[in-house]
Amino acid sequence: MRLTFQSLAVFALLLMPLSATAQTNAPDLGKAPDLSKAQAFVTELSQDAIVILSGETTRAGREASFSKLLNEKANMRRIARFTLGQFGRKISKPDFETYQALLNTFIVKVYANRLGEYSDEKVIVGKAQANKKNVIVSSRIEFANGRDPIDIDWWLRLEKDGSFTLFDVRVLGVWMALEQRDSFASVLKNNKGDINALLAHLRNKISADPQDG
Amino acid sequence: MMKRLQNLFLASLLASSLAACASSSAVQADLDRDPYEGFNRKMFAVEQTLDSYVLEPVAKGYLYVPQPVRRSFRNFLNNLISPVTLANDLFQGEMARAGTTALRLGLNTVVGLGGLFDPASRLGLERHEEDFGQTLATYGVAPGPYLYVPMLGPSPPRDLFGWGFDWLFDPVTYVGSDSLTGPILRYTLDGVDARATNLGIIDEIERSSIDFYATVRSLYRQNRDSEINNGVTNLDDLPDIDALDDLDDF
């Protein structure tokens with residue numbers, strides 16, 4: 001089984017330059033997303049993430065590289081919109097920009113450290129499935145220390161220019177952006193919908209985070 | 001006496017579950033509902049206190065046990081609970097998964113020295129867990145209102161009832177002079193081992209959550225849905241994010 005996954009991933013990687021050219025020349029939005037290209041996207045993204053999480057020795061260095069990777073590969077604006085839920089329709093433009101900036105920092109700090117728990121691992125990219133502009137790529141993380149492997153799903157979104165961006169990641173059955181949206185909604189609800197309460201919570205978490213270590 | 005207590009316990013669980021079933025359509029309409037949030041938050045605070053004074057220190061102490069010993073103990077606990085998984089595989093009509101569970105149980109009990117080792121996984125027979133709460137979900141029973149019970153964690157009526165019902169298929173229920181001590185002891189040991197294994201990640205999640213109560217609620221609901229679907233991702237179940245594309249420009 002692992003062999004099949006690996007050959008799929010290698011196959012996907014080989015295909016990548018081809019499909020990338022094809023997509024730039026003729027972004028055809030009516031067509032289903034290219035699954036092998038999505039798998040290659042995940043292979044590259046997960047390898048980049050592992051290099052950062054295991055290679056960067058300082059917290060600041062890890063966060064800086066992780067931030068760069070996220071800005072390149074994820075559509076942070078869409079994630080910001082999503083995590084605000086229903087509230088996203090009411091927010092003013094200046095508040096949204098403040099929220100976006102805080103959220104980016106918050107996400108980097110949270111996940112650069114949460115994922116730091118998953119060092120010493122190998123990612124095996126599995127099958128992909130698509131529905132309109134959404135692609136879910138399955139993968140499995142295996143640990144060198146004999147810990148049980150975990151399944152990770154990657155939710156990619158086909159952009160207007162034919163490229164993919166990361167939208168959400170599911171670890172052990174839990175979508176991360178969905179989890180954040182639920183927490184944010186709870187804070188907003190318990191503060192009568194005051195965005196400043198959410199912004200204050202985010203600022204607190206960011207400043208409480210150790211600067212280096 | 002213990003037997004009577006247990007029956008009473010099961011009966012009350014059944015009653016609460018039936019009450020939940022009766023109002024299930026209303027509950028299903030709004031899964032995000034948490035009608036007893038105030039009460040649940042108090043219970044959650046009780047749990048956090050218990051955790052910081054009892055469970056976490058015990059779990060930290062448990063980490064002094066050498067890793068291979070802990071691994072074997074984990075295997076043993078996993079094997080011990082597998083008759084419950086087997087019964088629920090069958091209740092759900094999942095014959096292939098039932099076969100895997102039965103094979104694992106036989107192999108790990110005999111070759112794996114009573115479950116201390118897990119030769120079945122090495123042969124590609126992957127472990128999964130089922131419980132009666134999941135079985136009820138596959139029958140279409142809604143979870144009912146979210147409830148947080150200290151030491152049990154998130155326990156909506158459906159899952160609480162399922163948990164009680166599963167005792168009938170749990171071999172430790174029938175060991176010893178009464179039917180409560182075995183399951184409670186096993187549950188406690190299981191909890192300590194799980195807490196110890198996840199010390200780092202749980203602390204990290206708590207530290208980075210802006211509302212830890214809401215985070216745990218979201219983690220439970222999502223993880224539970226995933227378990228009920230046997231980990232299969234269904235694209236149609238994803239939230240619709242097409243509308244977000246139109247919001248890009250102010």
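Chain B has 12 helices and two strands, where helices (H or I, at least four residues) and strands (E, at least two) are DSSP runs numbered from the N terminus. This is a predicted model, in which local features need pLDDT of at least 70, side-chain atom pairs count only at pLDDT 80 or more, and totals for chains, interfaces and linings use all residues. Residues are numbered from 1 along each chain as its sequence is written, chains are lettered from A and ligands numbered from 1 in the order in which they are written, and side-chain values use heavy atoms, with hydrogens and water left out.

**Chain B**

From the N terminus on, the order of elements in chain B is α-α-α-α-α-α-α-β-β-α-α-α-α-α. The chain has 250 residues, and 44% of them count as buried, that is, under 20% relative accessible area (1.4 Å probe, protein chains only). Of the contacts (heavy atoms within 4.5 Å) in chain B between residues at least 6 apart in sequence, 69% join residues at least 24 apart.

**Interface of chain B and chain A**

| Item | Value |
|---|---|
| Residues from chain B in the contact | 37 residues |
| Residues from chain A in the contact | 49 residues |
| Area buried between chain B and chain A | about 3,900 Å² |
| Salt bridges across the interface | four salt bridges |
| Polar contacts between the chains | 15 residue pairs (both at pLDDT 80 or more) |

The elements giving two or more residues to the chain B side are helix 3 (37-62), helix 10 (199-208), helix 11 (212-228) and helix 12 (242-245) of chain B. Helix 11 of chain B provides the largest share, eight residues.

Buried area is the accessible area (1.4 Å probe) that two parts lose on being put together, summed over both; here 51% of it lies on carbon and sulfur atoms. A salt bridge pairs a side-chain nitrogen of Lys or Arg with a carboxyl oxygen of Asp or Glu within 4 Å. Lys132(A) and Asp242(B) form a salt bridge, with their closest N and O atoms 3.2 Å apart. A polar contact is a pair of N or O atoms within 3.5 Å; within protein, one must be able to donate a hydrogen and the other to accept it, and residues adjacent in sequence count only if both atoms are side-chain atoms.

**Helix 4 of chain A**

Seven of the eight residues of helix 4 (residues 76-83) of chain A are buried, so this helix is largely enclosed by the rest of the structure. Among the buried residues are Arg78(A), Arg81(A) and Phe82(A). The buried residues of this helix pack against helix 12 of chain B as well as elements of chain A, including helix 3 (59-73) and helix 5 (93-114). Just after helix 4 of chain A, Gly85(A) has a positive phi of about 60 degrees.

How values were computed:
Buried < 20%, exposed > 50% of the residue type's maximum accessible area, 1.4 Å probe, protein only.
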